[in-house]
Amino acid sequence: LNPWDVMLCVSGTAIACENALVVAIICYSPALRTPMFVLVGSLATADLLAGLGLILNFVFQYVVRSETVSLLTVGFLVASFAASVSSLLAITVDRYLSLYNALTYYSERTVLCIHTMLAGAWGVSLCLGLLPVLGWNCLHDRAACSVVRPLTKSNVTLLSASFFLIFLIMLHLYIEICKIVCRHAHQIALQQHFLTASHYVATKKGVSTLTIILGTFGASWLPFAIYCVVGDPDYPSVYTYATLLPATYNSMINPIIYAYRNQEIQKSMWVLFCGCFQAKVSFRSRSPSDV
């Protein structure tokens with residue numbers, strides 16, 4: 001057994017367990033059916049599928065050796081991770097809209113916008129996953145292989161370029177979110193006729209949270225995306241594993257950042273496992289920026 005494959009399988013198991021819990025909590029709790037939690041559920045579902053894909057890839061690699069199965073598992077992983085990254089972008093857009101259009105955010109138009117974003121994200125992700133299955137692979141042309149076999153160099157270049165574009169969009173939106181948060185905090189402080197210490201604390205906390213979110217996302221995926229562009233298939237496979245493994249950690253961290261820190265999900269978790277609250281517990285409506 002390749003120890004790197006074992007670590008990827010272990011990572012996939014942890015990812016699947018974490019995100020399966022989030023999906024179960026959101027499906028179990030009627031109060032968590034708001035658009036905000038629909039986005040979190042989409043992210044958890046994508047990460048759950050990615051974790052299952054890593055497990056299946058390990059099983060089929062050592063139990064069922066088949067080119068067809070290899071293409072299917074690789075396509076499944078590409079679609080799952082693409083849906084995960086796309087869901088992160090959708091959450092970022094939703095956070096921005098909740099602050100930029102706070103007065104009109106809770107409307108049917110917002111719900112339609114979110115559902116359209118999710119439909120587009122999953123549709124594009126599915127298409128990206130089908131590309132290697134439909135023939136864009138290097139099974140019959142090893143010279144065209146990338147560092148991730150059986151994906152071609154042009155295929156991983158497309159995936160990497162898509163990631164860089166999404167990362168830049170998220171970076172721009174989070175910078176705008178920071179500006180809005182700082183401006184709102186400053187206006188509140190001016191209304192109180194002086195800048196209180198809580199103003200600086202709240203602003204610093206908001207900026208730190210956004211930095212952690214974007215920093216975690218970039219640190220997880222950027223090394224792998226860059227290596228897919230500059231790497232050569234003749235390089236030792238350990239380089240691919242060393243950059244791919246941290247990328248999977250993003251799906252392991254997502255539930256902690258976007259789900260388990262939320263008070264509503266924490267209460268629903270107690271309801272699901274401990275029964276410490278009544279099943280019809282009331283929840284305070286929160287904005288996506290609180291997630």
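Here are a few friendly notes on the packing and helix geometry of this predicted model.

1. Ground rules: residues are numbered from 1 along each chain as its sequence is written, and side-chain values use heavy atoms, without hydrogens or water. Local features need pLDDT of at least 70 and side-chain atom pairs count only at pLDDT 80 or more, while totals for chains, interfaces and linings use all residues.

2. Worth a look is the aromatic cluster of Phe81, Phe163, Phe164, Phe167, Phe217, Trp221 and Phe224. Rings of Phe, Tyr and Trp (its six-membered ring) pair if their centres lie within 6.5 Å, and planes under 30 degrees apart count as stacked, over 60 as edge-to-face and the rest as tilted. Phe163 and Phe167 are stacked because their centres are 6.1 Å apart and their planes at 25°. Both Phe163 and Phe167 are buried.

3. Trp4 and Tyr241 are also stacked, at 6.0 Å centre to centre and 15° between the planes. Trp4 lies in α1 and Tyr241 in α7, so the pair ties together parts 237 residues apart in sequence. Trp4 is partly exposed at 24%, whereas Tyr241 is buried at 15%.

4. Finally, do check the cis peptide bond between Arg149 and Pro150, with omega about 10°. Pro150 sits in the loop between α4 and α5.

Terms used: Helices (H or I, at least four residues) and strands (E, at least two) are DSSP runs, numbered from the N terminus. Buried means under 20% relative accessible area, exposed over 50%, partly exposed in between (1.4 Å probe, protein chains only).
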